[in-house]
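Visitor: Please show me the model. I would like to know what stands behind the words used for it.

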Amino acid sequence: MRARASVFMLGAVALVLAGCHAGAQSDDTNQSNLKIVPLVQIAQDGTEVPASNTQSAADPAGDGKALCTNVSLAMAGALNGPDAALGTNIRNGAQLAIDKHNAANPGCQVKLREFDTEGLPQNASNIAPQIIGDQSVLGLIGPGFSGETKSTGQIFSEAGLVSATASATNVTLTQQGWKTFFRGLANDGVQGPAVANYLKKTLGYKKICVVDDSTDYGSGLANAVRGTLGNDCNASVKKGDKDFSAAVTQLKNASPDAVFFGGYYAEAAPLVQQLRNGGVAATFVSADGTKDVEFVKQAGDSAKDALLSCPCGPASNTFAKDYTAKFDQEPGTYSTEGYDLATILIKGIDAGKTTRAGLLDWVRNYQGQGVAREYKWNENGELTSTLIWVYKVT
């Protein structure tokens, strides 16, 4: 692994049983002691960008003088099922922000209402009426995945409810005409070209094969990578599959320098295992859907040296310490985004924006530094500044 100054600026130290994040953390498996560590932050052209200073990140505690009654925020995402770790990370980040706020503001106790979608669009559609029907809910953190976001975006827009996702990255989500959707990280149109250019221009890989899992997220991201590479080595699998022998044979015959997988860790882990067992030694590369401690646990030593891109920001030392003390585990992918988005909504409530319309206007006009990045949105709900992190399993 190449040491990077921008990583050490975050105060990196290795910790045990990390989720996926800051220089102050790492991800361990129960068996192989492998870790996911931040390697470099990159722009869309694949070049390195120094890490920003997060010491001035917004504090959800505020001044302790907030007043409110019967106020809630909702979180919707996968809290059970094969991809539950990702939703749990977001929920925990949001809960940490709310608990900090409530401890400092006895006159304004904000509740977090959890809605488990298991990451499935149909489930999200079923719970959306429950969220908008609860008049105490002023804002939503979620949904988590692109498919479930696509199935509910119009519902939340018509209800005038802020929907701020910490993790849904499909490019088309901000092209639907929704008035209340805000994306808290870069989309696949940024991540795909960034990682493709990093692999091709910075690392010098000549042949890169691209595999997708046929989901809205996985296909969208893989196609963004393919579009940048002008790729002629492609394969598709299905979410839920565990036997990837056909794809492994195809990839082995192609003899690539790297294999990029667009999808989630539940499929990435057996895929990389079968690639290694099948004699494919190409660098395994994936993205935010894979960048979780569960990928390393499930893939074991086959995960070694994998590169994982992510629009998610590493956690600062302070955030990691607070998060670990509360949840007895290190922050995971999107934990910082969950925290930051909850903080933004809380700050709006503390500023007196205790209606859905008022909080929506607050978010539209918000600008401020968070743990993961600076937040400011354009008229379509995309961040005005978007960068990507590359992590490595080592």
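Guide: Start with angles: under 35 degrees counts as roughly parallel, over 145 as roughly antiparallel, 65 to 115 as roughly perpendicular, and the rest as oblique. This is a predicted model, where local features need pLDDT of at least 70, side-chain atom pairs count only at pLDDT 80 or more, and totals for chains, interfaces and linings use all residues. Residues are numbered from 1 along each chain as its sequence is written, and side-chain values use heavy atoms, with hydrogens and water left out.

Visitor: Why are helix 3 and helix 4 called roughly parallel to each other?

Guide: The axes of helix 3 (residues 121–133) and helix 4 (residues 146–159) cross at roughly 20° and come within 8 Å. The class needs an angle under 35 degrees. Helix 3 and helix 4 are therefore roughly parallel.

Visitor: Which residues make the contact between helix 3 and helix 4?

Guide: Contact means heavy atoms within 4.5 Å. Helix 3 brings Pro-121, Ala-124, Ser-125, Ala-128, Ile-131 and Ile-132. From helix 4 come Gly-147, Glu-148, Ser-151, Thr-152, Ile-155, Phe-156 and Ala-159.

Visitor: What makes helix 11 oblique to helix 12?

Guide: The axes of helix 11 and helix 12 (residues 356–364) cross at roughly 125° and come within 9 Å. That angle makes helix 11 oblique to helix 12. In helix 11, Ile-344, Leu-345, Lys-347, Gly-348 and Ile-349 meet Leu-359, Trp-362 and Val-363 of helix 12.

Visitor: Why does Thr-290 count as buried?

Guide: Buried means under 20% relative accessible area, exposed over 50%, and partly exposed in between, with a 1.4 Å probe and protein chains only. Thr-290 has 0% relative accessibility, so Thr-290 counts as buried. Thr-290 sits in the loop between strand 10 (283–286) and helix 9 (293–299). Leaving out residues up to four places away in sequence, Thr-290 touches Phe-261, Gly-263, Tyr-264, Tyr-265, Ala-268, Phe-295 and Leu-308.

Visitor: How do you know that the buried residues of helix 10 line one face?

Guide: Phe-319, Ala-320, Tyr-323 and Phe-327 are buried in helix 10 (residues 317–327). The arc is taken from the directions from the helix axis to the C-beta atoms. Down the axis of helix 10, the buried residues fall within an arc of 95°, so they line one face. Their cover includes helix 2 (84–104) and helix 11 (335–350).

Visitor: Which exposed residues does the face turned away from the buried side of helix 10 carry?

Guide: That face of helix 10 carries Thr-318, Lys-321 and Ala-325. After helix 10 comes Asp-328, with a positive phi near 60°.

Definitions and conventions: Axes are lines fitted to C-alpha atoms, for helices over the stretch in contact, and angles run from 0 to 180 degrees between N-to-C directions. Helices (H or I, at least four residues) and strands (E, at least two) are DSSP runs, numbered from the N terminus.
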